[in-house]
Amino acid sequence: AVDVPDYLVEGVLQSGGEIDAGDELHLVASQGTIYYTLDGSDPRLPGGGISSSAFIYDGSTTDTTVVSPGSSWKFHDLGSDLGTNWQNPTYNDGSWNAGNAELGYGDGDEQTVVSYGGDANNKHVTTYFRKTFNVTAGNYVSALLRLRRDDGAVVYLNGTEIARDNLPNGTINYDTFAAPYASDDGADWHEFSIDPSLLADGNNTLAIEVHQVSLTSSDITLDAEFIVST
């Protein structure tokens, strides 16, 4: 038989159910191994096998949020083609504006409103965002990126692409449109398991490009969270 583990959420034990973003979560079971996934799928396959996307839960790990939701980000909202250099930690973003997430326009719940240009029928396709954070050298066993985006986004860590959501495969340019019919229109958090070896000792840079689905699309959204585990 396969039992479902209990959740210890902010010190309160509950059997299954939903939790709020940002809650500290521990999984509790009397025996056996706990498996979990980050993509919403069942860690058990039909017939009882373990899904290839499942992780083994280790309750001894410690999670540290190094980029929190609502953090301040640098942003470039001029509609320019920045190429690829802007993705790198050494890029000089000193002339960029800064503001707290949620960043975007069109929904009315933004903490920072960015520009789409002067023509509502010819909006910027791409808006660029950068965030520098610091971690000390350590034996990180995992890292997790949580992302809210509308319409599509590509995320880079220290110049390496680590996530792509609602955008086509292949080369992404400043005029590449997001895929149509985004499932949640920026309302939900999307989670990506990240290779912790990509983290540098000291300063690290997350760079995110958010793409519109069309020149007349009404809104964009960006917020992100980055968590490391030791």
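Biologist: Why does threonine 221 count as buried?

Modeller: Its relative accessibility is 1%. Buried means under 20%, so threonine 221 counts as buried. Keep in mind that this is a predicted model.

Biologist: Where is threonine 221 found?

Modeller: Threonine 221 is found in strand S17.

Biologist: What makes the link between threonine 221 and aspartate 107 a polar contact?

Modeller: The distance between the side chains is 3.1 Å. The cut-off for such N or O atoms is within 3.5 Å, with one able to donate a hydrogen and the other to accept it. The side chain of glutamate 102 also makes a polar contact with that of threonine 221, at 3.4 Å.

Biologist: How far apart are threonine 221 and glutamate 110 in sequence and in space?

Modeller: They are 111 residues apart in sequence. In space, their C-alpha atoms are 8.0 Å apart.

Biologist: Why is the pair of tyrosine 91 and tryptophan 96 called edge-to-face?

Modeller: Take the centres, then the planes. The ring centres are 5.8 Å apart, and pairing needs them within 6.5 Å. The planes stand at 65°, and over 60 degrees counts as edge-to-face. The pair is therefore edge-to-face.

Biologist: Are tyrosine 91 and tryptophan 96 buried or partly exposed?

Modeller: Tyrosine 91 has a relative accessible area of 25%. That lies between 20% and 50%, the range for partly exposed, so tyrosine 91 is partly exposed. Tryptophan 96 has 7% relative accessibility, so tryptophan 96 counts as buried.

Biologist: What makes tryptophan 86 and tyrosine 156 an edge-to-face pair?

Modeller: Their centres are 5.9 Å apart, with 85° between the planes. The limits are within 6.5 Å and over 60 degrees. Tryptophan 86 lies in the loop between S7 and S8, while tyrosine 156 is in strand S13, 70 residues apart. Both tryptophan 86 and tyrosine 156 are buried. With Tyr128, they form one aromatic cluster.

Biologist: Which residues touch the most other members of the largest nonpolar core?

Modeller: That core has 31 residues. Trp73, Phe129, Phe133, Ile162, Leu206, Ile208 and Phe226 touch the most other members. Strand S17 gives the most to this core, with 5 residues. A second, separate core has 10 residues, including Trp86, Trp96, Tyr128 and Leu167.

Biologist: What does phenylalanine 133 touch, leaving out residues up to four places away in sequence?

Modeller: Among its contacts are Val66, Leu157, Leu199, Leu206 and Phe226.

Biologist: How do you know that S12 and S17 pair?

Modeller: Two strands pair if there are at least two bridges between them. S12 and S17 have 9, in the antiparallel sense. Alanine 143 stands opposite valine 228 in S17. S12 is also joined to strand S15 by 5 antiparallel bridges. There, leucine 145 has phenylalanine 192 as its bridge partner.

Biologist: What makes strand S12 mostly covered?

Modeller: Of its 9 residues, 8 are buried.

Conventions:
Residues are numbered from 1 along each chain as its sequence is written. This is a predicted model: local features need pLDDT of at least 70, side-chain atom pairs count only at pLDDT 80 or more; totals for chains, interfaces and linings use all residues. Side-chain values use heavy atoms; hydrogens and water are left out. A nonpolar core is a set of buried Ala, Val, Leu, Ile, Met, Phe, Trp, Tyr and Cys residues joined through side-chain atoms within 4.5 Å. Buried means under 20% relative accessible area, exposed over 50%, partly exposed in between (1.4 Å probe, protein chains only). Helices (H or I, at least four residues) and strands (E, at least two) are DSSP runs, numbered from the N terminus. Contact means heavy atoms within 4.5 Å. Rings of Phe, Tyr and Trp (its six-membered ring) pair if their centres lie within 6.5 Å; planes under 30 degrees apart count as stacked, over 60 as edge-to-face and the rest as tilted.
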